[in-house]
Every structure is written in C-alpha cells, then in structure tokens.
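Let us look at this structure together.

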Amino acid sequence: MDSKLRLQVIACVSVIVCMVLGLVLLVNQKDGGNKQKQPAETMQTQPENNIEQPISAFDEKYELDPYTDPYAFLGDDDFFDKEKEEEPEDSSVLSLLVSTTQKDIRVHVVDGNGNAVKGQEFKFRMTKDGQEIRRTYKDEDKDGMLYLTDMESGDYEVSLKPLAGYEVPEEGITVSVSDEISYTVLDDISFLIVSEDEIDPTVEDTAVNEAELDADGTETNLRLADGATVFGIDVSKWNKDIDWKKVKAAGVEFAIIRCGYRGSKTGALVEDPYFEKNIKGAAEAGVRVGLYFFTQAVTPIEAVEEASMVLMLGNQHQLSFPIFIDTEGAGGNGRADALDKETRTAVCKAFCETIENAGYTAGVYASKSWLENNLDTEQLSSYSTWLAQYSSQPTYEGEYDMWQYTSAGKIDGISTLVDYNVSYMDY
C-alpha cells in the first residue's frame with residue numbers, strides 16, 4: 001500500500017473512533033442526568049397497578065417525581081417544632097395569704113403553684129402599728145396555716161422567717177384587724193374546704209329535719225299551683241343521681257341545691273359530693289337555681305367562712321334564686337345545737353351579710369318552731385325567709401317568701417322522695 005492510501009485509511013479509522021467515543025460520552029451523560037432525577041428508592045410510591053404514569057410538563061420543568069407522596073412529611077415526627085411544655089412553678093418558692101374577719105389573723109403558706117405547704121414548722125414575724133412584736137409565731141401542727149384569735153385592733157405586717165430549702169418573700173403582708181366583724185369574702189377559704197373522702201360523713205352530715213318533727217299530719221304531697229306561686233324543689237346528695245331533663249319536663253321551675261355543710265363534729269367545711277353534677281344538670285335543663293348551706297357555725301366568724309365557701313362554689317354559675325343558710329339541729333350532738341338565740345341569730349346575720357355584700361340575695365331556711373324559738377327574726381327581717389312547715393296550711397305568723405310544705409314529693413327523674421316548695425317571689 002502506498003503512503004498516500006495509508007494516510008487515507010488512518011484518517012478514516014480516526015474519524016470512526018472519534019464518532020464512537022463521542023456517542024459513548026453522549027449516552028453516559030444522558031444516563032447520568034436520569035440518575036440525578038431518579039429519587040431514592042425509599043421515597044418512591046409506585047402505583048399499585050405498576051402502570052407508569054406520564055410525567056407532566058410541570059413535573060419535568062421542576063424535576064419533580066409524580067410518584068413521591070407529597071404528604072410524607074406529615075409522618076415525620078421531627079418535621080414540626082414541638083410545643084414547649086409549660087414548666088411548673090418552683091414548689092420551693094413560698095408566698096403568704098393573709099386575711100382577717102374580726103380580732104383575728106389567718107395566714108396560709110402556699111407554694112408557687114398556689115398549693116398549701118404542709119409538713120414544715122414555719123415561723124412568722126409580726127409587727128403591729130410599725131412596732132415589732134417580740135414573739136415568734138409557729139405553725140406547730142405543720143398544716144401550712146396559722147390562725148390567731150383575740151388580736152387587738154390595729155395594722156399588722158406578717159412575714160415568714162427564712163427556712164432551709166425554700167425561697168421566702170422578702171416583704172411582709174399587711175392586714176388591718178378590727179374590733180368589728182368584717183362581712184367580706186375570705187379569698188383563702190379554698191384551703192379549708194374538704195371532700196367527703198376526707199371525713200366521716202356518718203358523724204359529720206347529721207342534720208335533722210325539724211319540719212318533719214313539727215309536722216301535724218295534714219300535709220299534702222300534691223303539687224300546689226294557684227297561679228300566684230312558682231313551683232320548685234330542693235336537693236342534695238340524699239336525692240342521688242337526678243335526670244334534670246325529666247325534672248324540667250315534669251314542671252319544676254326552680255331548685256335550691258345544697259352546695260355543702262359544716263361538719264357536726266369537727267366543724268370541717270365539706271362540699272356536697274353531688275353539688276357540681278346537680279347545678280350543671282339543672283342549668284343545662286333550664287331549671288333556675290338557688291343554693292343552701294347547712295350551718296354548724298358557732299361564731300359569726302365561722303359563718304363568714306361558710307358564706308365565703310358558698311360564694312366560691314356558686315360564683316361560677318348563674319344563680320336566679322337566693323342563697324340560704326340552713327339552720328336546724330344535728331340530733332342534739334351537733335357542735336352548734338346548744339347555741340343560744342342571740343348567737344344563732346348573729347351567725348345567720350353574718351352569713352347573710354357576707355352574701356349580700358357580694359351582690360347576691362341572701363335568706364334563712366328554718367322550721368316554724370325554729371323561727372319562733374331559736375332566732376330573733378326581727379334582726380333577720382331584711383333577708384328572705386324560707387319557711388319549712390309540713391301542714392295543709394302554714395300557721396307561721398311571721399313573713400316568709402318561700403314555703404317548703406312536704407318532704408314526700410315525687411318527681412319524674414328523681415328516684416327518691418323530694419321536698420316540694422312554692423315561692424311567692426319570682427326572682
């Protein structure tokens with residue numbers, strides 16, 4: 001082969017080799033691009049029928065994979081920022097709640113969560129009218145409360161002495177003690193309220209219905225309806241579970257609900273275990289409500305406590321009828337059974353004054369004989385009177401706004417017998 005022909009062959013071979021190499025590079029470049037677009041195998045969601053779906057111009061433009069689940073991020077626990085849980089207040093940070101009614105000072109030690117701090121013997125400093133009292137007051141029973149009585153009138157400042165492991169307030173709390181009773185709500189009353197799980201109800205909840213003892217046998221359990229009165233009932237835990245919709249349908253227009261009682265033996269303030277259920281059920285059914293509290297207070301100060309408890313429980317609800325203090329015996333062994341007329345009247349007045357000062361209508365519930373013999377009704381004439389007399393006609397000669405005329409009523413929705421009442425006032 002001559003040199004000219006050899007050069008031509010070499011040139012042709014070189015062109016062919018270059019074309020092959022160029023084609024290989026082109027193919028590899030195309031495959032590489034497809035691999036970049038192909039999502040990870042774990043992120044793909046292939047159609048169940050394995051039929052390849054066409055790629056839209058939008059997907060192709062933004063290099064999107066139509067097989068990828070767009071909602072996959074919802075299953076990612078770490079995708080969203082988790083809300084930071086609110087940390088509880090430091091239980092070692094202490095504060096004081098101080099109140100007074102008459103010649104007394106009540107101190108509660110609470111933590112950062114507002115809970116009473118028990119189990120520590122707290123010590124307190126006190127000044128009167130700017131002068132330090134050279135005495136250390138101690139919470140000897142370690143219940144987180146200090147109660148001082150027979151205090152002279154004046155301006156006091158109470159402070160907590162330092163205690164290892166606790167942060168105590170630097171400044172004291174001031175309170176003005178008066179010789180006259182203050183018929184105002186005690187804001188710290190919640191620390192004195194207990195449930196029936198914490199006491200023995202068989203010796204604490206022992207009210208005796210004086211009206212039943214005075215009944216003359218002429219009472220009726222028929223519903224009185226003369227067009228001039230409003231028909232209602234009163235209920236407590238003794239009436240058990242109540243179907244308030246049926247009660248409403250049966251024609252009951254109002255209910256006086258017991259919210260609690262003071263224990264006949266220990267004097268504990270106890271919430272009626274059915275109170276919340278009853279007042280919510282009545283309200284939802286459209287039955288108007290009032291409240292009553294069975295007292296065993298032996299002083300006006302204790303009556304202010306009772307009224308404060310009722311207001312604390314009742315101000316969360318819409319009340320249409322008055323708030324009554326239920327004054328009657330507790331079988332002869334109650335702590336208040338032996339009160340004289342003057343003290344018992346002062347107890348009822350203190351309760352009613354505290355209720356009315358808070359903007360509510362107050363009243364006294366009692367039997368005919370109790371009103372005639374155990375109370376000075378003239379001192380209580382500015383409050384509503386709820387008479388309990390089981391007779392065909394009331395013979396009580398004083399004024400009254402409501403009459404409880406039987407305890408043997410029957411109402412659809414209540415499995416027990418129930419008290420019937422008529423109100424001459426449409427509150």
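The lining of the largest cavity divides into four nonpolar, three polar and two charged residues. Here Ala, Val, Leu, Ile, Met, Phe, Trp, Tyr, Cys and Pro count as nonpolar, Asp, Glu, Lys and Arg as charged, and the others, Gly among them, as polar. This is a predicted model: local features need pLDDT of at least 70, side-chain atom pairs count only at pLDDT 80 or more, and totals for chains, interfaces and linings use all residues. Residues are numbered from 1 along each chain as its sequence is written, and side-chain values use heavy atoms, without hydrogens and water.

Student: What volume does the largest cavity have?
Tutor: A cavity is a set of points on a 1 Å grid over the protein atoms alone where a 1.4 Å probe fits but cannot get out; lining residues have an atom within 4 Å of a point. Grid points are joined across faces, edges and corners, and the volume is the space filled by probe spheres set on the points. Among the lining residues are Thr295, Glu328 and Arg344. The volume is about 60 Å³.

Student: Why is strand β7 largely enclosed by the rest of the structure?
Tutor: Strands are DSSP runs (E, at least two residues), numbered from the N terminus. Buried means under 20% relative accessible area (1.4 Å probe, protein chains only). Strand β7 (residues 154-160) is largely enclosed because five of its seven residues are buried.

Student: Which residue in β7 stands opposite methionine 126?
Tutor: Strands pair if DSSP finds at least two bridges between them. Strand β3 (residues 123-128) and β7 pair in the antiparallel sense over five bridges. Opposite methionine 126 stands valine 158.

Notes
1 Å grid on protein atoms, 1.4 Å probe; cavity = no way out; pocket = protein on both sides within 12 Å on 5 of 7 lines; lining within 4 Å. Buried < 20%, exposed > 50% of the residue type's maximum accessible area, 1.4 Å probe, protein only. Helix = DSSP H or I, 4+ residues; strand = E, 2+ residues; numbered from the N terminus.
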